[in-house]
Amino acid sequence: MSALRILAVLSIVFASSSALAGKKPKQSFEKYGIEPVSVQLAASGYIVNFRYRVVDAKRAVQLFHDGIKPTLTDHDSGQTLAMPADTKLGGLRASPRSAPTVGKLYYVLFSNPTRAVRSGNHVDVSIGPCELKNLAVR
């Protein structure tokens, strides 16, 4: 194959891949008006602290109902963690008494009693219909 023909083929491949890169599908968190900020261990690893920011209050409001029970699934161990629920406080997450505020950080705390989730693991977080995939734990 001549060098000119190889160059033509490569230019077509790169042009098509860059066109596809501009048309990526919406992530679940964009669809629901939030963006993940961090997943960190707390309390010597017995708590996983997930933080997210509201970027669209109208879309995010559906994630703030009391009936929604967020879960966190660890890729390495396969364990699914839930929010600890206190008898007086209820579920341990930031749940506004008013509508969500754009730019504000919110959190969900997950119980990690066996310390299966460790720093460096990847997890999926589900908040009702919103699924946040492959988040790195710091």
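What is the relative accessible area of arginine 59?

Modeller: Arginine 59 has a relative accessible area of 30%, so it is partly exposed. On this scale, buried means under 20% relative accessible area, exposed means over 50%, and partly exposed lies in between, using a 1.4 Å probe and protein chains only.

A word on the ground rules. This is a predicted model, in which local features need pLDDT of at least 70, side-chain atom pairs count only at pLDDT 80 or more, and totals for chains, interfaces and linings use all residues. Residues are numbered from 1 along each chain as its sequence is written, and side-chain values use heavy atoms, with hydrogens and water left out.

Now to the partner of arginine 59. Aspartate 56 forms a salt bridge with arginine 59, and their closest N and O atoms are 2.7 Å apart. A salt bridge here is a side-chain nitrogen of Lys or Arg within 4 Å of a carboxyl oxygen of Asp or Glu. The structure holds three salt bridges, so let us visit the others too.

Arginine 53 and glutamate 35 meet through their side chains at 3.1 Å, N to O. This pair links distant parts of the chain, with arginine 53 in strand β2 (residues 47-54) and glutamate 35 in strand β1 (residues 34-42), 18 residues apart. Strands (E, at least two residues) and helices (H or I, at least four) are DSSP runs, numbered from the N terminus. Arginine 53 counts as partly exposed because its relative accessibility is 27%, and glutamate 35, at 28%, also counts as partly exposed.

Those two strands belong to an open sheet of three, in the order β1-β2-β7 with antiparallel pairing. Its edge strands, β1 and β7, each pair on one side only. Two strands pair if DSSP finds at least two bridges between them. Between β2 and β7 there are seven bridges, and arginine 51 stands opposite tyrosine 107 in β7.

Strand β7 (residues 105-111) also holds phenylalanine 110. With 0% relative accessibility, phenylalanine 110 counts as buried. Its contacts (heavy atoms within 4.5 Å) include Ile47, Leu72, Pro84 and Val125. Proline 84 and phenylalanine 110 are 26 residues apart in sequence, but 6.3 Å apart in space, C-alpha to C-alpha.

The remaining salt bridge joins lysine 133 and glutamate 131, again at 3.1 Å, N to O. Lysine 133 is exposed because its relative accessibility is 52%, while glutamate 131, at 38%, counts as partly exposed. Glutamate 131 lies in β9, opposite serine 126. Strands β8 (residues 122-127) and β9 (residues 130-136) run antiparallel and are joined by five bridges. Their hairpin has two residues between the strands, and glycine 128 takes a positive phi near 60° there.

How far can you trust the picture? The mean pLDDT of the protein is 81, and 72% of its residues reach 70 or more; pLDDT is the predictor's confidence in each residue, from 0 to 100. Confidence is highest in strand β3 (residues 71-74), at 98, and lowest in helix α1 (residues 3-21), at a mean of 40. Over residues 1-25 the pLDDT is below 50, and beyond near neighbours in sequence this stretch has one contact in the model. Where pLDDT is low, the predicted coordinates should not be read in detail.

Conventions: Lists of a residue's contacts leave out its neighbours within four places in sequence.
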